[in-house]
Amino acid sequence: MKNVGINGYGTIGKRVADAVSCQDDMQIVGVTKRTPDFEAYLAVEKGFPLYISAPEREGLFEEAGIKVTGTIDDLYSKIDVMVDCTPGGIGAKNKEVYDDMGVKGIFQGGEKHEQIGKSFNSFSNYKDNLGADFVRVVSCNTTGLCRTLKPIDDLCGIKKVRAVMVRRGADPGQIKSGPINAIVPNPPTVPSHHGPDVQTVMYDLDITTIALLVPTTLMHQHNLMVELETPPALDDVIDTLEATPRVLLVEAEKGLGSTAEIMEYARDLGRPRSDLNEIAVWKESLNIKDGELFYMQAIHQESDVVPENVDCIRAMLEMEDDPAKSIEKTNKNMGIN
Ligand code: NAD
């Protein structure tokens, strides 16, 4: 049984904590909070030992009546790996501390690949991260792109990808981000950083991306144009995606024609937090024309990277050499497809 700490019990951190807790080969031995907010209360209520990541703020937790087990310095000696889920940019600074403390670290997509050194996607480069000390799980958008591009590349080879990504303006719980009434080229320069980010895990893929921000909180949406090496029959692409774990083919015809309806479906599935860890691909959008595959997909940004964090722990701690076995185990224990 491997011991895992979570630094930053927020949107991603609390989900990774739950996903680790339902595995049988790893456990959470502590989560950290900086602020004594509702998430700190809930962490304690769920039975996670709570550590303060900013020791000088201990008084705030006492005032709020939140029982803490210690400060983050007390946690390092108890863990095999720290999953850093702090806001983008902070993880790279924390990496130096983990290094000093002799602790392995997993970071999230808000960190820069160059600062962490290695990036991870379960389907694309699991084996390249076996035994690694510091690894970044690529962002929610990059994870979404890899989940569908990798099986297509394996099926028939990809010459070139162009993707237009429509990104949610904020997560549902955020009140300070936007836009609330605009479509924002983000970045306004072409290409966006997402293509190079995919290349940190699918090293040789020729991919160019453009991204926009829109006033929605539910999901990201991607539009892909993929030039194929050896175009197969469309049914072969459909069969491949249907057989790919963590990918779900959805049909507008069955009432799933928008991100709103897909998230309503996720609520009906009764999963924790109504998460949809799988990438939803619109079946009707799949089309091959002149050797180019077109499709549209939706990404639940708060949850698609969560099973990847579990697999990343297994790879870094060399608990499982075979990515397919880790993916299957993670999915089974989380109750996802
Ligand atoms: P969040 O703001 O929801 O949670 C961050 C947590 O870290 C909070 O508990 C906060 O209290 C804590 N924190 C803040 N400053 C800290 C500090 N200096 N030291 C320690 N803890 C601190 O953020 P999030 O959305 O969970 O994002 C975390 C990482 O995951 C980022 O790199 C982000 O880019 C990435 N990510 C986010 C999403 C998403 O949709 N939210 C998706 C994929 C990846």
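Colleague: Which residue in strand 11 is the bridge partner of V184?

Modeller: In this predicted model, V184 has L213 as its bridge partner in strand 11.

Colleague: What makes strand 10 and strand 11 count as a pair?

Modeller: The rule asks for at least two bridges between two strands. Strand 10 (residues 184–185) and strand 11 are joined by two bridges, in the antiparallel sense, so they count as paired.

Colleague: How do you know that strand 9 also pairs with strand 11?

Modeller: We count again. Strand 9 (residues 158–168) and strand 11 (residues 207–214) run parallel and share eight bridges; pairing needs at least two, so they pass. V164, for instance, has I210 of strand 11 as its bridge partner.

Colleague: And what makes strand 2 a partner of strand 3?

Modeller: Three bridges join strand 2 (residues 26–33) to strand 3 (residues 50–52), and the rule wants at least two, so this is a pair. The two strands run parallel, and Y51 in strand 3 is the bridge partner of T32.

Colleague: Why are strand 4 and strand 7 called edge strands?

Modeller: Look at the order of the open sheet first: its eight strands run 4-3-2-1-5-6-8-7, with parallel pairing. Strand 4 (70–71) and strand 7 each have a single partner strand, so one side of each has no neighbour in the sheet.

Colleague: How do you know how much area domain 1 and domain 2 bury between them?

Modeller: The size of an interface is often given as the accessible area lost when the parts come together. Here domain 1 and domain 2 bury about 1,800 Å², and 50% of that is on carbon and sulfur atoms. In contact terms, 25 residues of domain 1 touch 18 residues of domain 2.

Colleague: Why is the meeting of D197 and R136 called a salt bridge?

Modeller: The cut-off from nitrogen to carboxyl oxygen is within 4 Å. For D197 and R136 the N to O distance is 2.5 Å, so the pair qualifies. Between domain 1 and domain 2 the count is six salt bridges. On the side of domain 1 that touches domain 2, the elements giving two or more residues include helix 1 (11–21) and helix 13 (323–334). That side has eight nonpolar, nine polar and eight charged residues.

Colleague: What makes K46 and D18 a salt bridge?

Modeller: Their N to O distance is 2.8 Å, and the limit is 4 Å, so they qualify too. The two residues are 28 residues apart: D18 sits in helix 1, K46 in the loop between helix 2 (38–45) and strand 3. A search of the whole structure gives 24 salt bridges.

Colleague: What is omega for the peptide bond between N186 and P187?

Modeller: Omega there is about 5°, and the bond is cis. V190 and P191 are also joined by a cis peptide bond, with omega about 0°. P187 lies in the loop between strand 10 and helix 9 (194–198), and P191 lies in the loop between strand 10 and helix 9.

Colleague: What makes R246 worth a look?

Modeller: Most residues other than glycine have a negative phi, and most peptide bonds are trans. R246 has a positive phi, near 65°. You will find R246 in the loop between helix 10 (234–243) and strand 13 (247–250).

Methods
Residues are numbered from 1 along each chain as its sequence is written. This is a predicted model: local features need pLDDT of at least 70, side-chain atom pairs count only at pLDDT 80 or more; totals for chains, interfaces and linings use all residues. Side-chain values use heavy atoms; hydrogens and water are left out. Contact means heavy atoms within 4.5 Å. Buried area is the accessible area (1.4 Å probe) that two parts lose on being put together, summed over both. A salt bridge is a side-chain nitrogen of Lys or Arg within 4 Å of a carboxyl oxygen of Asp or Glu. Helices (H or I, at least four residues) and strands (E, at least two) are DSSP runs, numbered from the N terminus. Ala, Val, Leu, Ile, Met, Phe, Trp, Tyr, Cys and Pro count as nonpolar, Asp, Glu, Lys and Arg as charged, and the others, Gly among them, as polar.
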